[in-house]
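Biologist: Please take me through this model step by step, and let me ask at each step what stands behind the words you use.

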Amino acid sequence: MRISVEEKKAEAIERMKALGIFPQTIKQFKDESYISISEPPLGAFYWAEGEDLERIRQFEAEHDALVYVVIRCYFKELGKTDAYLFVSDYAEEWETDRQSINHPEDGLFAYVYNHDAPWCSEMGDIGVARTVAAGLQRTW
């Protein structure tokens with residue numbers, strides 16, 4: 001089943017609101033389709049540009065998905081990673097995704113791109129918490 005970008009975007013906006021993301025970041029996504037990266041340590045948002053945006057667009061095309069926010073993290077063992085929170089093309093999964101958003105510390109499904117070892121990039125659950133700057137940080 002092919003879901004329109006407009007439907008995915010509406011779903012993404014609702015998820016962003018439920019996660020308590022900074023309202024201006026939501027507005028920029030809604031009005032301009034800007035994807036923002038939440039940067040540590042406070043979770044401040046910066047627009048995805050250049051190679052970051054190219055990688056996001058490639059992921060979206062390969063997976064018929066819509067990325068709505070990226071959580072950047074630096075690990076001693078893994079290096080620099082970007083976790084893509086996205087809306088899939090499978091509407092039957094959306095309710096489960098919404099329920100997870102109510103308890104993001106228990107895990108949200110994401111694609112994690114590893115900048116230092118791209119071959120280790122994968123889909124899976126990550127722990128997420130809201131920051132004092134209304135951004136997001138990865139907790140596990």
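**A loop, two helices and a sheet**

Modeller: D64 lies in the loop between helix 3 and strand 3, where helices (H or I, at least four residues) and strands (E, at least two) are DSSP runs numbered from the N terminus. This is a predicted model, in which local features need pLDDT of at least 70 and side-chain atom pairs count only at pLDDT 80 or more, while totals for chains, interfaces and linings use all residues. Residues are numbered from 1 along each chain as its sequence is written, and side-chain values use heavy atoms, with hydrogens and water left out.

Biologist: Why is D64 called partly exposed?

Modeller: The relative accessible area of D64 is 28%. Buried means under 20% relative accessible area and exposed means over 50%, with partly exposed in between (1.4 Å probe, protein chains only), so the 28% of D64 falls into the middle class. D64 also has a positive phi of about 45°, although it is not a glycine.

Biologist: Where else is there a residue that has a positive phi although it is not a glycine?

Modeller: S33 is such a case, with a phi of about 60°, and its place is in the loop between helix 2 and strand 1. With a relative accessible area of 36%, S33 is partly exposed as well.

Biologist: How do you know that helix 3 spans close to what is expected?

Modeller: The expected span of a helix is 1.5 Å times one less than its number of residues. Helix 3, residues 50-63, has 14 residues and reaches 20 Å from its first C-alpha to its last, which is close to the 20 Å expected.

Biologist: Which residues of helix 3 are buried, and what puts them on the same side?

Modeller: The buried residues of helix 3 are D52, R55, I56, F59 and E60. They cover an arc of only 135° around the axis, and therefore they sit on the same side of helix 3; the arc is that of the directions from the helix axis to the C-beta atoms. As a general rule, an α-helix has 3.6 residues a turn, so residues three or four places apart point the same way. On the face of helix 3 turned away from its buried side are the exposed residues E51, E54, A61 and E62.

Biologist: What covers the buried residues of helix 3?

Modeller: The cover includes strand 1 (36-39), strand 3 (66-75), strand 4 (79-87), strand 5 (108-114) and strand 6 (122-126).

Biologist: What makes strand 2 and strand 6 the edge strands of the sheet?

Modeller: The open sheet has six strands in the order 2-1-3-4-5-6, with mixed pairing. Strand 2 (44-47) and strand 6 each pair on one side only, and they are its edge strands. Two strands pair if DSSP finds at least two bridges between them. The twist averages 35° from one strand to the next, where axes are lines fitted to C-alpha atoms, for helices over the stretch in contact, and angles run from 0 to 180 degrees between N-to-C directions.

Biologist: How do you know that strand 1 pairs with strand 2 and with strand 3?

Modeller: Four bridges join strand 1 to strand 2, which run antiparallel, while strand 1 and strand 3 pair in the parallel sense over three bridges. Since at least two bridges are required, both count as pairs. S38 has F45 as its bridge partner in strand 2 and I71 as its bridge partner in strand 3. S36 and S38 point one way from strand 1, I37 and E39 point the other way, and all are buried.

Biologist: Why does Q28 count as buried?

Modeller: Q28, which is found in helix 2, has 19% relative accessibility, and it counts as buried because that value is under 20%.

Biologist: What makes the pairing of the side chains of Q28 and W47 a polar contact?

Modeller: A polar contact is a pair of N or O atoms within 3.5 Å; within protein, one must be able to donate a hydrogen and the other to accept it, and residues adjacent in sequence count only if both atoms are side-chain atoms. The side chains of Q28 and W47 make such a contact at 3.0 Å, so the value falls within the limit. Not counting residues up to four places away in sequence, Q28 touches S33, Y34, S36 and W47, contact meaning heavy atoms within 4.5 Å.
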